[in-house]
Amino acid sequence: MREQSSRRKRNSLRAWFKAWVSKSVRDAAVVGCVAGLSGSAMAQQPVPAFPPRGSEQIPVSVRTGTDFLSNRSRDEQYEQIAQEVELLERHQSLLRRVVRLVAPTVVHIEAIKEEPSPERSNGKPRETKRIEEAGSGVIVALNNINVILTNRHVIHGAPLQNIRLETSEGGLLTPLRVLEDPSTDVAVIEIDRTLLPTAKIADSRQLEIGDFVFAVGSPFGLNHSVSYGIVSAKGRRNLELGSKAIVFQDFIQTDAAINPGNSGGPLMNMRGEVVGINTAIASNSGGNEGIGFAIPVNIAVSVAKQLVERGELQRAYLGVSVERAFNASNTAPGTPPPRGAFVKVIKPNSPAEQAGLRYGDIILEFDGTPVDNDEHLVQLVGLTGVNREVDIIYIRDSQQFKIHVSLAPLPLMN
């Protein structure tokens, strides 16, 4: 009896277990279908940026918004990018070649100066203050000799023995003579070697806003550094610079990085030609903020030639007094103010009188450069070499005329 009872219990347990398994399988299928629908719906929803806290994690197989690119599609896009960037790589290759070409013509300059300390109140002798200045220069050929063109403020006040000149290869040059002009901040250093690579000089009048340029120099003493940018403006004048001794200004403005130590180094075009001599920056911090200024190389070379030939700069003389003939406040709204310089006085026996200029003429252009106002004309004449013949375009009685004028040296004041 006991055996039959045990057998019945075992059979009943087996039947219950089979029923439970069958029900579990049916429930799992239903849950699977529901989960499949929910997964499809969830795939259309954005996936959170980070997995939820706890043990639950987002499966790796879940995809965001759009499907991944196929390997073929990715390869095609890589090929398109390679074709488009090829032009940029050619430009970069050109810049590298130009930099290698001009680097041997750039010189690192170190100058040790001694300046007297302020007067002492106790009657003791004044002490001298030692100042170390770093800058740059560029080797150019003037009158069949090689010289270094730089800024006056880089070497001013330093004895020859305290001026160190280092080439890009680490060689040292010996300075023989230094010639300076404070009114333009141009200086010339004569050196003892002639067999040196020299930089090629461009016509800075051909430079246009937007042209690519690069600067080579020694910012913060890091000699032969290169920065790259564009010409952002031309004809910058009336800048407050240092000792305010630079009275003749016609600067090129650039966003190529210029920092302390770049002074005197060349600003160059993409042909590897010098277009300017880096001189100053506009900055609230003392470092580069995207606005630097360079002396147009035409002006720098003209001054340098006169320094080498005469030892000083001789000013040109036109022989007119001018004033602003136009009042910008009277111009119509939305229209630019008139340009030009109104001739107020003609000096007797001057180049202007001999060329036929008269009172009331309005000078519009001087030596190919449009004249903004009276100050601009004074700058242009002062920066032009003496005994040069230049073209002047002017208006008289509402008609435009053109004359040739031979500029004379500025007469000595009695």
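This is a predicted model: local features need pLDDT of at least 70, side-chain atom pairs count only at pLDDT 80 or more; totals for chains, interfaces and linings use all residues.

Analyst: What follows starts with the pocket, moves to the cavities, and then turns to a few residues and ring pairs.

The average pLDDT of the protein is 79, and 74% of the residues score at least 70. Two stretches need care. Residues 28–51 have a pLDDT below 50, and in the model this stretch makes 6 contacts beyond near neighbours in sequence. Residues 60–66 also fall below 50, with 4 such contacts.

Now the overall build. The protein has 414 residues, and 36% of them count as buried. Its secondary structure consists of 6 helices and 22 strands. Take the contacts in the protein with a separation of 6 or more: residues 24 or more positions apart account for 59% of them.

Next, the pocket. The largest pocket holds about 880 Å³ of space. Its lining is made by 31 residues. Which of them lie nearest its centre? They are Arg205, Asp250, Ile299, Thr369 and Leu380. Find these five on the structure and you have found the middle of the pocket.

Which elements give two or more residues to this lining? There are strands and helices on the list. The strands are β10 (225–236), β11 (251–254) and β19 (369–370). The helices are α4 (297–310) and α6 (374–382). Helix α4 gives the largest share, with 6 residues. By class, the lining of the largest pocket has 12 nonpolar, 9 polar and 10 charged residues.

From the pocket, go on to the cavities. A cavity is a space where the probe fits but cannot get out, while a pocket is open. The count comes to 2 cavities of 30 Å³ or more.

The largest cavity has about 50 Å³ of space. Its lining runs through Thr184, then Ile246, Phe248, Gln249, Asp250 and Phe251, then Ile295, Pro296 and Ile299, and ends with Leu383.

Now return to β11, one of the pocket elements. Ala256 sits in the loop between β11 and β12 (266–269). Is Ala256 buried or exposed? It counts as buried, because its relative accessibility is 1% and the cut-off for buried is under 20%. Ala256 and Ile230 are 26 residues apart along the chain, yet their C-alpha atoms are separated by 6.4 Å.

Planes under 30 degrees apart count as stacked. Phe212 lies in strand β9 (residues 212–217) and Tyr228 in strand β10, so the pair ties together parts that are 16 residues apart in sequence. Phe212 is partly exposed, at 41% relative accessibility. Tyr228 is partly exposed too, at 32%.

Tyr394 and Phe401 form another stacked pair, with 5.6 Å from centre to centre and 25° between the planes. The two partners sit differently. Tyr394 counts as buried, at 5% relative accessibility, whereas Phe401 is partly exposed, at 32%.

Finish with an exposed residue. Gln354 lies in helix α5 (residues 351–355). Its relative accessible area is 65%, so Gln354 counts as exposed. The C-alpha atoms of Gln354 and Gly319 are separated by 9.9 Å, although the two are 35 residues apart along the chain.

Conventions: Residues are numbered from 1 along each chain as its sequence is written. Side-chain values use heavy atoms; hydrogens and water are left out. On a 1 Å grid over the protein atoms alone, a cavity is a set of points where a 1.4 Å probe fits but cannot get out, and a pocket is an open set with protein on both sides within 12 Å along at least five of seven lines; lining residues have an atom within 4 Å of a point. Grid points are joined across faces, edges and corners, and a volume is the space filled by probe spheres set on the points. Helices (H or I, at least four residues) and strands (E, at least two) are DSSP runs, numbered from the N terminus. Ala, Val, Leu, Ile, Met, Phe, Trp, Tyr, Cys and Pro count as nonpolar, Asp, Glu, Lys and Arg as charged, and the others, Gly among them, as polar. pLDDT is the predictor's confidence in each residue, from 0 to 100. Contact means heavy atoms within 4.5 Å. Buried means under 20% relative accessible area, exposed over 50%, partly exposed in between (1.4 Å probe, protein chains only). Rings of Phe, Tyr and Trp (its six-membered ring) pair if their centres lie within 6.5 Å; planes under 30 degrees apart count as stacked, over 60 as edge-to-face and the rest as tilted.
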